[in-house]
Amino acid sequence: MLSFSFSSKELKAKDPLAPVRARLEELDIKTIIPYVVGKTTYVVQSKRNTAKGLQALINAKHIVQDSYIDALVYAATPGDLENVESLSPLEEDFDAAWPDPSEHLPPPGREPVQRPAAAFAPNPDRINVFEGYTFVFCDVAQFENLQPPITNGHGKALLYRIENGRTTAEEIVQFMRNAAGHRGFGSQRDGPGGVVLVRFRAKGQFEEWSIELGNQVALMTDQRVIEQSEFLDAILSNDASVLCRPLPREPTPSQESAPRGPSAPEPAPSTAEPPSQPAIQPATQPDVEASQPAERPAKRPRVRSFVSKVKTFDDGFDMESIPAYTLEDEGAQPAPQVRRVHRFLRA
């Protein structure tokens with residue numbers, strides 16, 4: 001069964017599946033829009049980082065682009081169309097003729113971390129990638145998009161409804177603290193896992209306010225506020241800990257040499273050049289912590305929050321907006337050159 005991840009524009013069509021249904025369902029290949037756990041075997045999409053794609057990766061299924069449909073039809077088409085006894089490549093050697101999904105992976109996009117095609121191969125170990133993690137959303141669309149892959153990965157997704165211009169960082173932090181329970185959260189959490197706030201952006205005049213609100217939460221919890229685009233790499237690496245990290249510290253100047261006693265000998269002069277100061281961690285790499293320790297433990301180290309410019313998920317698909325689709329053109333005749341094959345989609 002093929003699940004299709006359409007853009008918002010494509011979903012406005014009367015029947016987005018009509019073109020592919022006409023080509024595939026005669027071959028006993030079912031086409032649907034929602035992702036159905038236990039039924040979907042391939043997700044067809046034009047980008048790598050979509051909500052349905054995350055579900056496929058967690059459930060050890062394939063992600064392919066539209067070219068895979070052409071490959072399936074070609075493999076099911078007899079070599080000699082004029083000979084009714086001519087066999088298709090799949091009928092001659094099913095295993096050899098079945099198209100390789102890895103050759104039809106969507107091209108790289110604006111993913112935070114670029115990974116090779118081999119990283120997108122199905123991996124059953126990802127099924128527990130979010131176990132022990134709770135992700136708090138303040139945007140309804142983000143929550144509805146990402147709740148399915150998070151729950152598929154044995155994690156939790158919670159929605160905190162905000163009031164633009166009125167909700168305070170203290171209120172969000174208290175909600176996160178309640179969600180964490182006795183395990184704690186932020187820099188005080190006990191053990192692996194944790195409660196993580198996903199960055200949200202209000203529209204119009206409240207956009208800057210919402211960004212600053214997220215920054216305040218980060219400072220109060222000493223923990224990064226993540227972007228929704230970061231889920232992909234956590235799933236591919238099968239490591240959600242990258243989503244629950246303290247804020248990066250700014251390096252502090254080296255402590256000056258302590259004064260020597262009167263009997264301390266003067267050090268010999270050195271001609272070596274002084275060591276260079278450590279580079280400040282750039283804001284575009286929020287996951288990397290600076291290596292310099294704080295020299296004055298009594299003073300709280302300065303931290304800075306990170307705000308990505310990536311504002312939207314790749315498809316923005318709303319799982320609740322799936323329209324009901326019905327088969328049309330029931331009287332249409334199937335193309336005579338395509339032969340029905342009954343065991344195409346394998347888990």
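Cys244 counts as buried, at 3% relative accessibility. Cys138 counts as buried too, at 9% relative accessibility. The structure, a predicted model, holds zero disulfides. For a cysteine pair to count as a disulfide, the two sulfur atoms must lie within 2.5 Å.

## The protein as a whole

The protein has 347 residues, and 42% of them count as buried. Its secondary structure consists of ten helices and seven strands.

Take the contacts with a separation of 6 or more: residues 24 or more positions apart account for 70% of these. The protein exposes about 19700 Å². Carbon and sulfur atoms supply 51% of that area.

Strand β7 covers residues 194–197. Which of its residues point the same way as Gly194? Val196 does. Val195 and Leu197 point the other way. All four residues named here are buried. In general, side chains alternate between the two faces of the sheet in a regular strand.

β7 is joined to strand β5, residues 133–137, by four bridges. The two strands run parallel. Tyr133 has Gly194 of β7 as its bridge partner.

## Helix α9

Helix α9 spans residues 207–221, which makes 15 residues. From first C-alpha to last it reaches 22 Å. That is close to the 21 Å expected at 1.5 Å a residue.

What do the buried residues of α9 pack against? They pack against α8, residues 169–180, and against β7. The buried set includes Ser210, Ile211, Leu213 and Gly214. Asn215, Val217, Ala218 and Thr221 are also buried. Just after the helix comes Asp222, with a positive phi of about 55°.

## Gln45, a buried loop residue

Gln45 sits in the loop between β3 (42–44) and α3 (51–58). Is Gln45 buried or exposed? Its relative accessible area is 2%, so Gln45 is buried. The cut-off for buried is under 20%.

The Gln45 side chain reaches two backbone oxygens. One belongs to Lys47, at 2.7 Å. The other belongs to Arg48, at 3.4 Å.

Leaving aside neighbours within four places in sequence, Gln45 still has a list of contacts. Among them are Ser5, Thr50, Lys52 and Gly53. Ile63, Val64, Gln65 and Pro106 are in contact with Gln45 as well.

Most residues other than glycine have a negative phi. Asp28 and Ala60 each take a positive value.

Asp28 has a phi near 65°. Asp28 lies in the loop between α2 (18–24) and β2 (31–32). Its relative accessible area is 26%, so Asp28 is partly exposed.

Ala60 has a phi of about 60° and is not a glycine. Where is Ala60 found? Ala60 is in the loop between α3 and β4 (62–64). With a relative accessible area of 21%, Ala60 counts as partly exposed. Buried would require a value under 20%.

Technical notes. Residues numbered from 1 in each chain as written. Predicted model: local features only at pLDDT ≥ 70, side-chain atom pairs only at ≥ 80, totals over all residues. Heavy atoms only, no water. Buried < 20%, exposed > 50% of the residue type's maximum accessible area, 1.4 Å probe, protein only. Pairing = 2+ DSSP bridges. Expected span 1.5 Å × (residues − 1). Contact = heavy atoms within 4.5 Å. Areas by Shrake-Rupley, 256 points an atom, 1.4 Å probe, with all protein chains shown as cover. Polar contact = N/O pair within 3.5 Å; in protein donor to acceptor, adjacent residues only side chain to side chain.
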